[in-house]
Amino acid sequence: MANSLFEEKLYSDKFLVTSEVGPPKGMDVADMVHHIDLLKDKVDAINITDHQSSVMRFPSLGGCLLVKERGGEPIFQVTCRDRNRLAIQADLLLACSRGIQNVLCLTGDSIDVGDHKEAKPVFDLDSVQLLRTIKTMESGKDLGGSDFKGSPKFCVGASVHPEADFIEPQLIKFEKKVAAGAQFFQTQGIFGLESLRRFMQYASQFEVKILAGIIVLSSARMAQYMNDNVPGIIVPQPIIDELSSAGKGKGLQKGMEIAARLVRTIKEENLCHGVHIMAVGNEGIVPDILEMAQIVGAAP
Amino acid sequence: MTVCGAGGEREVSFLHGALRVAQVKGGDGVHAFLEYTVKRQCDREFLDPLGDRVSEVDAILSLGCGVGVQVVAERFPDVPALPGVNTSFMGATEQGGVWDERCAACGDCRLAETAGICPITRCTKGILNGPCAGTKNGKCEANKDIDCAWVLIYKRLESLGQLDKIRRYYPPRNFRTIPRPRRLAGITSIDLGGSNG
């Protein structure tokens, strides 16, 4: 039996669609709940980010609880940046006890790119070790070797960067993640289908599901900002030019067109198993992108 | 002796002169400054020559590393010991006046598996199983002026024909090898030949 609704879909033939919601800075969760409500019946699962870009926010686990409350399917993003192995295991136990069983295991951005630059970077575990930690927990033990009274079960995912400018070490790490038990991958934002094709030629030898990460850009300026400041992101010049060609105030519309075009092509050409749409601050437009890409809502 | 120009006989002399000048130019009290350079500051017996002098002073300003300041404080408990330098890291000289951190003295050395490039010191996240996805143009996501340690490690292992070392899984670090404060016991100076270098 599947550990979650998302896991069940993962092993069906369905073209998967996930998206993400970033928790707010502060207690006012009205916008987050609004975005969860907009997305929960349109996508197969909603990722809740974990202090994205190392900016302190309402916690991922809190956001996942809200997704459950609203009747959606959450993916709990867990980074290694802020918690040591005790805290991570404890949060995973809490998550599972509340029916949050999809986990995306990430190293986490550097503290230095965020808004608490003087904080202590933890990184007690890395992403591969985190994946193995989850397998250990599922076997009924904690990392200290003690037996659990009540073991958790999860559906575990990880991240991969098909457009990294130096791909070889990234692929080695990808294989380590597969060996550590990753069932699905949500890729870093990709912009060129050639790199995705190349990556899938390689990745199809592994029994894992790949969801292509699609970042919705809202202007040429945003694209340039991401190139300069967001870890790992490389927006190619033709996409920046296309965004620049949009008239004043039409940047987001153009960004949505680009995203929808990518999603539609990926689905039509069956390039990978699904897409993960990241609208970074514009979560409300994801249903429109799905409509533009002619993707029907998540089957219950 | 000093390598980084922070705390040898010459630096002690410069600081002594600077303190006297500062006092003449605007000091609000009258202080006498004495200078003395010990051969080694992390072994108590090397501090013995200071014994008589210390009884005459209100404080000791140390240009040794943080270890030296603390040994002075332990050796002379009745006199405040002040740090005259901000001990930063163990580094290598990159060029004149520029040093790069290379070793965290973590007690969990990985250099045999990482082509002599330390991921604990030189990767901002200190991770063990390969690069994060933030590396761009061979640089670190935290600082575009710093090389990504894992890109360097990969390239060097590749040229050494040792990529199997990066393919291995490395389990979580044993931070218990570094309970603070650490103690290294079982090796005496006699075992080491009694060197005083």
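Two residues are taken to be in contact if their C-beta atoms, placed from the backbone, lie within 7 Å. With that criterion, 78% of the contacts in chain A between residues at least 6 apart in sequence join residues at least 24 apart. The structure is a predicted model, in which local features need pLDDT of at least 70 and side-chain atom pairs count only at pLDDT 80 or more, while totals for chains, interfaces and linings use all residues. Residues are numbered from 1 along each chain as its sequence is written, and chains are lettered from A and ligands numbered from 1 in the order in which they are written.

Chain A contains 11 helices and 8 strands, where helices (H or I, at least four residues) and strands (E, at least two) are DSSP runs numbered from the N terminus. Its radius of gyration is 18 Å, close to the 19 Å that the globule rule gives for 300 residues, so chain A is as compact as a globular protein of that length. Here the radius is taken over C-alpha atoms, and the rule is 2.2 Å times the number of residues to the power 0.38. The C-alpha trace of chain A spans about 60 × 40 × 40 Å along its principal axes. Of the 300 residues of chain A, 50% count as buried; a residue is buried if 20 or more other C-beta atoms lie within 10 Å of its own, exposed if 12 or fewer, and partly exposed in between, with C-beta atoms placed from the backbone.

Several helix pairs of chain A can be followed in turn. Helix α5 (residues 127-138) and helix α6 (residues 167-179) of chain A have axes that come within 9 Å and cross at roughly 10 degrees. α5(A) is therefore roughly parallel to α6(A). For such descriptions, axes are lines fitted to C-alpha atoms, for helices over the stretch in contact, and angles run from 0 to 180 degrees between N-to-C directions. Angles under 35 degrees count as roughly parallel, over 145 as roughly antiparallel, 65 to 115 as roughly perpendicular and the rest as oblique. On the α5(A) side, A:Ser127, A:Val128 and A:Leu131 meet A:Lys173, A:Lys176 and A:Lys177 of α6(A). This contact comprises 2 nonpolar, 1 polar and 3 charged residues, with Ala, Val, Leu, Ile, Met, Phe, Trp, Tyr, Cys and Pro counted as nonpolar, Asp, Glu, Lys and Arg as charged, and the others, Gly among them, as polar.

Further along chain A, the axes of helix α8 (residues 220-229) and α9(A) come within 8 Å and cross at roughly 150 degrees. That angle makes α8(A) roughly antiparallel to α9(A). The residues that meet are A:Ala220, A:Ala223 and A:Gln224 in α8(A) and A:Ile239, A:Ile240, A:Leu243 and A:Ser244 in α9(A). By class, they divide into 5 nonpolar, 2 polar and no charged.

Helix α9 (residues 237-245) of chain A also packs with helix α10 (residues 251-268) of chain A, at an angle of about 140 degrees and with axes 8 Å apart. These two helices, α9(A) and α10(A), are therefore oblique to each other. A:Ile239, A:Glu242 and A:Leu243 of α9(A) make the contact with A:Gly251, A:Lys254, A:Gly255 and A:Ile258 of α10(A). The classes represented are 3 nonpolar, 2 polar and 2 charged residues. In the loop between α9 and α10 of chain A lies A:Lys250, which is partly exposed, with 13 other C-beta atoms within 10 Å. A:Lys250 is 31 residues from A:Ser219 in sequence, and their C-alpha atoms are 8.2 Å apart in space.

Chain B has 6 helices and 6 strands, arranged along the sequence as α-α-β-α-β-β-β-α-β-β-α-α. Its radius of gyration is 22 Å, whereas a compact globule of 197 residues would have one near 16 Å. The C-alpha atoms of chain B fill a box of roughly 65 × 45 × 25 Å along the principal axes. Buried residues make up 22% of the 197 residues in chain B. Among contacts in chain B with a separation of 6 or more, 33% involve residues 24 or more positions apart. In the segment after α6 of chain B is B:Arg182, which counts as exposed, with 10 C-beta neighbours inside 10 Å.

The two chains meet where 26 residues of chain B are in contact with 28 residues of chain A. On the side of chain B that touches chain A, α5 (149-160) and α6 (164-167) of chain B each supply at least two residues. α5(B) gives the most, with 3 residues. By class, this side of chain B has 13 nonpolar, 9 polar and 4 charged residues.
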